[in-house]
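Subject: Structure for you to look at

Hello,

Here is the structure I said I would pass on. Please open it and read my notes alongside.

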Amino acid sequence: MISEITPLLVVIVAVGLLLALIMWLKLNTFVSLIITAMITGVMLGMPLNKIISTVESGMGSTLGHIALIFGLGAMLGKLLADGGGATRIAHTLINKFGQNRIQWAVVVASFIIGIALFFEVGLVLLIPIVFMIAKESKVSTLYLGIPMTAALSVTHGFLPPHPGPVMIAKEFGAEIGEVLVFGLIVAIPVTIIAGPLFTMFAKKVVPEGFTKSGDLNSLGKQKTFKIEETPGFGISALTALLPVFIMLISTIVDLLTGSPENPQGVLGFISFIGEAATAMLISVLFAIFTMGLKRGKKITEVMDTLTNAIYPIGMMLLIIGGGGAFKQVLIDGGVGKTVEELFTGTAMSPILLAWIVASVLRIALGSATVAAISTVGIVAPLLEASDANLALVVLATGAGSVIASHVNDAGFWMFKEYFGLTMKETFLTWTLLETVISVSGIIFILFISLFV
């Protein structure tokens with residue numbers, strides 16, 4: 001019996017090793033992932049001359065797809081931020097909703113902006129705006145901060161073109177458009193639950209946290225805009241949402257035409273532009289005009305914006321690649337096969353299993369990205385013999401990967417410092433918020449699975 005589950009015991013040891021390298025020895029996450037992947041290969045009995053090629057294969061297959069999306073996404077977000085589009089979206093919605101519905105304005109603005117911007121970028125961009133609005137409205141920064149981070153976290157975990165959902169969809173072989181459609185169906189109610197509704201609960205649990213003023217010093221000097229200097233709301237929102245619109249149109253056309261295997265002519269063109277990479281490239285080109293050239297900027301200045309957008313994501317790309325290497329070692333080392341045999345005949349849904357595995361890895365490792373891609377290596381073999389909807393498995397993995405953020409996650413510390421909270425207050429707000437997103441997310445996903 002022990003020999004049958006040895007690969008799973010190796011995974012437990014590997015996760016413990018990775019945790020020790022990152023948290024105790026303070027090694028770089030990418031270096032820790034590569035070390036762990038190699039040692040895991042040895043423990044799984046892989047031939048020594050195959051381990052390096054497996055690591056390289058895992059990195060290459062993962063980055064070959066995700067690097068393009070990641071890079072273009074960073075450029076789109078930077079263009080939107082530097083062009084003033086994000087500022088216009090936030091201010092317009094806040095003015096339209098009015099003082100009595102200020103939370104809902106922040107939620108909608110953050111959701112729209114969050115689709116185009118990575119979580120960390122959106123957080124850094126929106127926090128100064130939220131602090132300013134809170135001061136003008138005479139409300140707590142946390143009162144607006146929780147809905148803002150809820151919307152950003154939900155879009156980050158569930159919606160393409162964010163790298164996580166795109167990466168998981170590619171690995172599972174799910175249709176990206178279907179992930180987007182189901183992702184929107186799940187994301188909207190989850191954002192409402194984790195945003196305005198959870199804020200009411202948090203205010204009762206940690207009332208002292210809602211008296212803090214927060215600290216923006218760690219953000220450094222921020223680029224500010226007078227509202228008259230920013231582009232119009234319509235063009236700003238269109239720029240942010242363009243990749244979503246393109247992929248949705250392609251998905252609708254596929255559904256109406258029955259998704260032909262090799263579409264030709266107009267259908268082939270629509271299918272081509274509906275690919276995540278193509279949609280992102282079109283959106284970046286559009287943003288270069290709307291957020292740059294149309295605003296009177298020189299082309300060299302706009303290109304500097306694109307260059308500066310790439311610098312911060314270099315290490316994240318390596319970390320994603322390292323996660324891919326670890327994932328490939330788990331697959332080639334037989335862990336996936338063991339999981340498949342273990343759950344053969346079980347009544348447990350692969351959707352629920354993906355959420356459980358991703359949740360455990362997220363709590364242990366901290367990184368949502370590493371948790372998600374490592375889950376792929378464990379769960380993927382099960383899907384071959386399952387009729388589970390692949391898009392829902394993707395979303396379940398994303399939901400599990402955001403659960404219970406704590407001290408081993410950078411987001412925990414960013415939230416704590418920006419809002420000036422104690423450790424206890426951060427656990428009862430941020431950690432609980434992420435858990436609400438994860439749990440409510442998997443509930444909606446399992447409900448949808450009853451009908452598809």
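Helix 4 passes helix 10 in a left-handed crossing, meaning that the near helix is turned anticlockwise from the far one by less than a right angle. Helices here are DSSP runs (H or I, at least four residues), numbered from the N terminus. This is a predicted model, where local features need pLDDT of at least 70 and side-chain atom pairs pLDDT 80 or more, while totals for chains, interfaces and linings use all residues. Residues are numbered from 1 along each chain as its sequence is written, and side-chain values use heavy atoms, without hydrogens and water.

The axes of helix 4 (residues 85-97) and helix 10 (residues 233-257) cross at roughly 120 degrees and come within 9 Å. Axes are lines fitted to C-alpha atoms, for helices over the stretch in contact, with angles from 0 to 180 degrees between N-to-C directions. From helix 4, Gly85, Arg88, Ile89, Thr92 and Leu93 meet Phe233, Ser236, Ala237 and Ala240 of helix 10; contact means heavy atoms within 4.5 Å.

Further along, helix 14 (residues 314-332) has 19 residues, which at 1.5 Å a residue should span 27 Å; its end C-alpha atoms are 27 Å apart, so the two agree. The expected span is 1.5 Å times one less than the number of residues. Just after helix 14, Gly334 has a positive phi of about 95 degrees.

Lys337 lies in helix 15 (residues 335-343).

Regards

How values were computed:
Helices (H or I, at least four residues) and strands (E, at least two) are DSSP runs, numbered from the N terminus.
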